[in-house]
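Here's a quick walk through this fold, to go with the view on your screen. Have the structure open and follow along.

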Amino acid sequence: MLKLLQNEINRKKAMRPPIVDEELLRLQRTIKNAIKSKYDSSLKLYIVDSGSCGACELELQTLFNPFYNLSKQGVEVVYTPKEADIMLITGTLTENMYESVEQAYRELKKPKKVITIGDCPLMESPLRKTFSMTDIKRVSFSSVYHISGCPPEPRGIIKGLIKYIETV
Ligand code: SF4
C-alpha cells in the first residue's frame, strides 16, 4: 500500500511542468526586446536540415514548446525562404542537399542572413566523416553567424540568437 502511494506521488511529481527560472525569464525578455527593436516585433526563421542526425532540429523545436515559448517572444518559423529574415542551417552539408541549400539562399529575403547551428556545419561533429558530405563553404553565403554545440542546448541557441540580433 505504501509503495503504491509512493509510486503515485512520484508519478504526480513527474507530471509537474518544469518551473521557468529567472535566467530563462531574463533570456525571454531580452530576445523579445531585441526583436522588437530590430525586427519590428517579429523574427521569421526558415530552417533547413542539410544533413543532420536530427538532434539539432529537436533542440530547435523545443524552443517553441510552452516552456521556452519563443513564439510568444516574437520568433516565428516560416516555410519559404522568401519570407525569412534568417535562414538557420543544421547538419553537415550533404551532396544531395547542396542544390537545395543554394536555391534557398538565392530565394532568401534581403539582406540574406544565415545562421548555422551545431558543430556539423563547421565539420567538427561525429558526422564529419559521412561519405556523402560536402563543404558548406561551397555555398556562396555573404556572411554566416554560428551557434556551436553538438547539439547546442535551447538556452545556448537563445543566447546565440540574442548575440546575433544585437549585431544587426
Ligand atoms: S551538430 Fe551534433 S547534434 Fe547537431 S546535427 Fe550534427 S551531429 Fe547531430
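Ile 89 stands opposite Thr 116 in β5. This being a predicted model, take that pairing as part of the prediction. The strands around that spot, β3 and β5, run parallel and are joined by five bridges. In general, strands of a sheet pair through backbone hydrogen bonds, either parallel or antiparallel.

Zoom out and you'll find an open sheet of five strands, paired in parallel and ordered β2-β1-β3-β5-β7. At the edges stand β2 and β7, each with a single partner strand, so one side of each has no neighbour in the sheet. From one strand to the next, the twist averages 30°. Helix α5 packs on this sheet, where it touches β5 and β7, and its direction makes about 150° with that of β7.

Here are the residue ranges for some of these elements:

| Element | Residues |
|---|---|
| β2 | residues 75-77 |
| β3 | residues 86-90 |
| β5 | residues 113-117 |
| β7 | residues 144-147 |
| α5 | residues 154-167 |

What about the whole chain? The protein has five helices and seven strands, running α-α-β-α-β-β-β-α-β-β-β-α from the N terminus on. Its C-alpha atoms fill a box of roughly 65 × 45 × 25 Å along the principal axes. Of the 168 residues, 30% are buried. Among contacts between residues at least 6 apart in sequence, 85% join residues at least 24 apart.

Now for the ligand: which of the 14 residues around it come nearest? Those are Ser 52, Cys 53, Gly 118, Cys 120 and Cys 150. The shell around the ligand divides into eight nonpolar residues, five polar and one charged.

Terms used
Residues are numbered from 1 along each chain as its sequence is written. This is a predicted model: local features need pLDDT of at least 70, side-chain atom pairs count only at pLDDT 80 or more; totals for chains, interfaces and linings use all residues. A residue is near a molecule or strand if its C-beta atom, placed from the backbone, lies within 6 Å of it. Ala, Val, Leu, Ile, Met, Phe, Trp, Tyr, Cys and Pro count as nonpolar, Asp, Glu, Lys and Arg as charged, and the others, Gly among them, as polar. Two strands pair if DSSP finds at least two bridges between them. Helices (H or I, at least four residues) and strands (E, at least two) are DSSP runs, numbered from the N terminus. Axes are lines fitted to C-alpha atoms, for helices over the stretch in contact, and angles run from 0 to 180 degrees between N-to-C directions. Two residues are in contact if their C-beta atoms, placed from the backbone, lie within 7 Å. A residue is buried if 20 or more other C-beta atoms lie within 10 Å of its own, exposed if 12 or fewer, and partly exposed in between; C-beta atoms are placed from the backbone.
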